[in-house]
Amino acid sequence: MANFKAFAGGVAALVLIAAAGAGIWAWRTADTWRNAVADDAVALADIGAADPEAVARGEYIMRAADCAACHTREQGDFAGGYEIATPFGTLVSSNITPDRETGIGAMTERDFFDAVRHGQGQKGFLYPAMPYTAYARISDQDMHDLWAYMSTVAPVRNSVDENGGMAFPYSIRLAMLGWNMLFFDGSGFEPAPGNAQLARGQYMVDGPGHCSACHSPRNALGAEIGSAYLQGAVVDGWLAPEITSNRHQGLGDVSAADVAEYLGTATDGKAMASGPMAEAVEHSLQYLTEDDRLAMAAWLKSVPGSDVARPEQVDPASPEMHGAALQYEVSCSACHGTRGEGMGDLVPAFDGNHALLSENPASLVRVMLEGARAGHSGAKPTGAGMPSFAWKYDDAQIAGLLTYIRNAWSNAGMPVDPAQVADMRGALAARDKAASGF
Amino acid sequence: MNRREALFSLGALTAAGTVASRGAAAEMSGYPADMALDRGFLPRAVIPGGQMQVLTDDRQRATVTAVFDRLIPADDLGPSASEAGCIEFLDAQLAGRYGAGAALYREGPKMAGEDALSQSPQFIATPSERYEAGLNALEAWAQKTDGASFADLQPDRKDEILKGMEDGSVELSSEVNTKAFFELLLANVREGYFSDPIYGGNRDMAGWRLIGFPGARYDYRLYADRTGEKLDLEPVSLIPRD
């Protein structure tokens, strides 16, 4: 018995030490000392006239951070209500208008800093679907300006139950403290020393731009995997491709000027934004200055890439590819060109388009099955449409066509598996191929 | 404003528009995001191996098969009409809006001499009803004159009867405009032999291969400058089988 007591006592001591350690750890994680620079006296709804220059700068940060993408839906500008499906349940974006009861009107600037940069809101911890993990890098000055801008937003009364659709235990906001302890770094932006343009680009990419929210893969608990920073991930059935210096499926072989043009207009005349990236260009990136876009491009092109390399080319003239080549000519070539040259700013080119060559062809499969609308911008307002081919081709035919365009001309890409097409056809509830006669 | 001024001002407008749109970010609202085709726009294919819907009577089906296979017989150049699926094609057409005469004006009254006045025969009956009456009349006529089913007659005799129907020397019955019925048969067998295979006929694109028609293509830039050359383009169905 004495032995047991000693053993039990030892365990208890260990547990105590661990708990104390965890307490310090938790305290550090939740510590928002950086935000002491913010005013903690005046509520948002009580701010009178804000400095117009600060408001204008704040609007720029709002655009760069793309707040409206999630916080604006039918209920009004910034009034929340956007449902975000996560593997852990459905989240609803909050009302961030200055309405005192249902929005953030009662928050002080300090509360706002704590929410945006540290994920600690007025109802408790925020869920990391809100990219506070990236916004933590936003500078004090930009936060002050953003706050000034928010004071000019019209209040909208719209009550939102943000986490009512989350599954237990994720419905408990405090659980996010544990998540933050594991994955959140609340420190400010520290640029790599040297080049000022690269530093600005890194700040825009990692801070307000929160590019890694989609373009970095996440682990089983939904945290970004730092070692695969910007190396591509699947989000909602779209591939957010690798946007590093990787020369095969990244930006290594694309000029910084072309990357900047893509960000600002939705296309560089070769690759074209569609799906969620089209929205990012439309609502956010086209509003940035050319200098910022060039800085972002320069940073992205400096990021170490994955080791995915150009594979052996599947001979596009081989007998297996014969049917696909014929169908390319019949269904694709009128717009995408008989030599995969595209139509400038209207229709993406295929030859030499690295966006086509990602190891995972999810976006290509999705676009074939559902069709897509090209992103638009003030400079290139067309937003041409790609029709769905689900009714015309079966899984093997779509896989064959995609394998063809990934390997025709100067391209070389991994063959597409018909099983992936079948899976996505089911997941997207896309139409089955129509009967094809005798 | 004269023509020159008008053109100049148009140029100025275009230039102004270009400059403005180059500079400013802008978002368009109301873009249709859903690019999946509406079901109503999809071609409705005949399902291979389906049951007959209109030509369910064995005798009628044998009669029309016999007629079609004399109009387009099997030979060195290709399969017969029925081998190429023209009966399936016809059945599907008769079961649908074509068979119901959906595009025809069929309200009465039909006046005497109206066919001559319109310079083509007019019908209250739907194409489906005309097939029913016409095939029954042809079979009855063959039984009466030859003592056998039309389908069982020798090819030469079938041709003789069909030629008589075409030139008006054979009248199947007072109820059937025989010449017009022949023209209906001829038009439909051609349609079946040369329409896209998804509609049941032109099986394996035999009709298209016969005449060198390249099928459902719309872009010939690859071939535009290859004049005077036999291209032998592979035909393509609207919904390719493989």
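Mentor: The C-alpha centres of domain 1 and domain 2 of chain A lie 31 Å apart. This is a predicted model, in which local features need pLDDT of at least 70 and side-chain atom pairs count only at pLDDT 80 or more, while totals for chains, interfaces and linings use all residues. Residues are numbered from 1 along each chain as its sequence is written, and chains are lettered from A and ligands numbered from 1 in the order in which they are written.

Trainee: What makes these two stretches of chain A domains?

Mentor: The bounds come from an automatic or database domain assignment. For chain A that assignment gives 25-183 as domain 1 and 192-438 as domain 2.

Trainee: How do you know which residues of the two domains are in contact?

Mentor: A contact needs C-beta atoms, placed from the backbone, within 7 Å. In chain A, 17 residues of domain 1 are in contact with 18 residues of domain 2. On the domain 1 side, α2(A) gives the largest share, 4 residues.

Trainee: How many residues on that side of domain 1 of chain A are nonpolar, polar or charged?

Mentor: There are 14 nonpolar, no polar and 3 charged. Ala, Val, Leu, Ile, Met, Phe, Trp, Tyr, Cys and Pro count as nonpolar, Asp, Glu, Lys and Arg as charged, and the others, Gly among them, as polar.

Trainee: What makes up chain B, helices or strands?

Mentor: Chain B has 8 helices and 0 strands, where a helix is a DSSP run (H or I) of at least four residues and a strand a run (E) of at least two, numbered from the N terminus.

Trainee: Is chain B a compact globule or more spread out?

Mentor: Chain B is more spread out, because its radius of gyration is 26 Å, well over the 18 Å of the globule rule for 242 residues. The radius is taken over C-alpha atoms, and the rule is 2.2 Å times the number of residues to the power 0.38. The C-alpha trace of chain B spans about 85 × 50 × 40 Å along its principal axes.

Trainee: How many residues of chain B and chain A does their contact take?

Mentor: The contact takes 36 residues from chain B and 35 residues from chain A. On the chain B side, 23 are nonpolar, 4 polar and 9 charged.
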